[in-house]
Amino acid sequence: MSSCSDEAIPGQPIVLGCGQLCLDYLVTVPSFPIPDQKIRSTSFKVQGGGNTGNSLTCVARLGLPSRILAKVADDSHGRFMVEELESSGVDTSFCMNAKDGASHFNYAIVDNQTNTRTCIFTPGYPPLLPDDLTESLLLDVLDGVRVLYVNGRSREAELLLAQKAHSKNISILINAEKKRAGLDELLDLADYAICSTNFPQVWTESPSSPSALLSMLIRLPKLKFVIMTLGEHGCVMLERCSSEVSGSEEETDIDELHESLKQSTDFTSVLPVCNSSLVTKLAGNVTGRLVIVTAEKILPSELIDTTGAGDAFTGALLYGLCTNMATEEMLTFASRVAACCCRGLGARTTLPFRTDPNLATFLGA
């Protein structure tokens, strides 16, 4: 477990994540090599990775109980990944061992010249399957859970888990990176969605990103908000609101609303800025507001590696949802947590603890 000051407090809401664990081999180089070239690395590190493990580690370090459901190969890599999660306070008691399996692993090459990363992923086996999830296990793993986090990589098992969570009124956050088989069924059950930059338009076939976000709210009536991440440019959220507006009010054009909001947002601020529109009628019975959040500006001398920044952002959102943070506070908090992750090599190295002075404004640490 982590140090006493950062341990989760008993009785707090639990975040449950279901997904794959992966081992990351991370290397930094002065510049990306050309074919047949031999170069010397500037640093090297081996650590656990994968969206779910990273986000749950973030939640645990921020002080909330987190729990993972996964199938792990019974090899040295698998044991290392489980022990690493446990050292950060993640509950791994629902990790299943596959005796004849092999662990997922990933090579990540970080280019110091361009501040980019190149990943080469090798999938392991066997996957987590619905047959692994007995009724008693589902009840036990969901006990005390406030939010379930899924990403569709183990789609059949995740769908079974999400259906059970939905029946128990447990909120579901889905991370939608790209179109996957079976992802639509998970989206139908989701209360919250966080998407990669391209996903909303690809999934909805809408002509613009703002109209794609609106299309997602229309097509997914259970969805309370959808966030589109934009890397160093921050993120955009479209939030469904229950506030009533005049029935005679004309619908607001979402693209015009987005452009207007961009014009009034301070993109020069070093720290994250959150700018929200008024609640307005958007389409049919969809009423909501658009929110733009800028990313923290990191000095070039401090920017080491962006690997895992999105997972850190997701972990902070999970924390915010469980602690009932206001939307604006939650988004700026998540942006700051993501920035912390960029100041070290790998997705886990610099995930902050709740005592981090950068988070004192939000957590009072």
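At 16% relative accessibility, Cys 95 counts as buried, because buried means under 20% relative accessible area. This residue belongs to strand S5, which covers residues 90–98. The structure is a predicted model, with a mean pLDDT of 93 for the protein.

**Confidence**

- Of the residues in the protein, 95% reach a pLDDT of 70 or more.
- Residues 1–9 have a pLDDT below 50, although this stretch has 22 contacts in the model beyond near neighbours in sequence.
- Where pLDDT is low, the predicted coordinates should not be read in detail.

- Cys 95 in strand S5 touches Ile 68, Ala 70 and Val 72, leaving aside residues up to four places away in sequence.
- The C-alpha atoms of Cys 95 and Val 72 are separated by 6.5 Å, while the two residues are 23 residues apart along the chain.
- Ala 108 is located in strand S6, residues 104–111, and has a relative accessible area of 2%, so it is buried.
- With residues up to four places away in sequence excluded, Ala 108 touches Tyr 25, Leu 26, Val 27, Thr 118 and Cys 119.
- From Ala 108 to Gly 288 the C-alpha to C-alpha distance is 39 Å, and 180 residues separate the two in sequence.
- Phe 121 is part of strand S7; its relative accessible area of 41% makes Phe 121 partly exposed.
- The contacts of Phe 121, not counting residues up to four places away in sequence, are with Gln 20, Cys 22, His 104, Phe 105 and Asn 106.
- Phe 121 and Ala 108 are 13 residues apart along the chain, and 8.6 Å separates their C-alpha atoms.

**Helix H4 and its surroundings**

- Helix H4 comprises 13 residues, 155–167.
- From the first C-alpha of H4 to the last is 18 Å, close to the 18 Å expected at 1.5 Å a residue.
- Buried residues in H4 are Ala 157, Glu 158, Leu 159, Leu 161, Ala 162, Lys 164 and Ala 165.
- Four strands receive the packing of these buried residues: S1 (14–18), S4 (66–73), S8 (145–150) and S9 (171–176).
- The buried residues of H4 also pack against helix H3 (135–141) and helix H5 (183–189).

**Helices H9 and H10**

- Helix H9 spans residues 309–322 and helix H10 spans residues 327–341; their axes come within 8 Å and cross at roughly 145 degrees.
- The crossing of H9 and H10 is right-handed.
- On the H9 side, the contact involves Ala 309, Ala 312, Phe 313, Ala 316, Leu 317, Tyr 319, Gly 320 and Leu 321.
- On the H10 side, Met 330, Leu 331, Phe 333, Ala 334, Ser 335, Val 337, Ala 338 and Cys 341 take part.
- By type, the residues of the contact of H9 with H10 are 14 nonpolar, two polar and no charged.
- The end C-alpha atoms of H10 are 21 Å apart, which agrees with the 21 Å that its 15 residues should span at 1.5 Å a residue.
- H10 is mostly covered, as 13 of its 15 residues are buried.
- Glu 329 sits in helix H10 and is partly exposed, with a relative accessible area of 32%.
- Glu 329 and Cys 274 are 8.3 Å apart in space, C-alpha to C-alpha, and 55 residues apart in sequence.

**Backbone features in loops**

- Tyr 125 and Pro 126 are joined by a cis peptide bond, for which omega is about -10 degrees.
- Asp 36 is a residue other than glycine with a positive phi, near 70 degrees.
- The loop between strand S2 (22–29) and strand S3 (43–49) contains Asp 36, which counts as exposed at 86% relative accessibility.
- Asn 169 is not a glycine, yet its phi is positive at about 60 degrees.
- At 72% relative accessibility, Asn 169 counts as exposed, because exposed means over 50% relative accessible area.

Definitions and conventions. Residues numbered from 1 in each chain as written. Predicted model: local features only at pLDDT ≥ 70, side-chain atom pairs only at ≥ 80, totals over all residues. Heavy atoms only, no water. Axes fitted to C-alpha atoms, helices over the stretch in contact; angles between N-to-C directions. Helix = DSSP H or I, 4+ residues; strand = E, 2+ residues; numbered from the N terminus. Left-handed = near helix turned anticlockwise from the far one by under 90°. Contact = heavy atoms within 4.5 Å. Nonpolar A, V, L, I, M, F, W, Y, C, P; charged D, E, K, R; others polar. pLDDT = per-residue confidence, 0-100. Expected span 1.5 Å × (residues − 1). Buried < 20%, exposed > 50% of the residue type's maximum accessible area, 1.4 Å probe, protein only.
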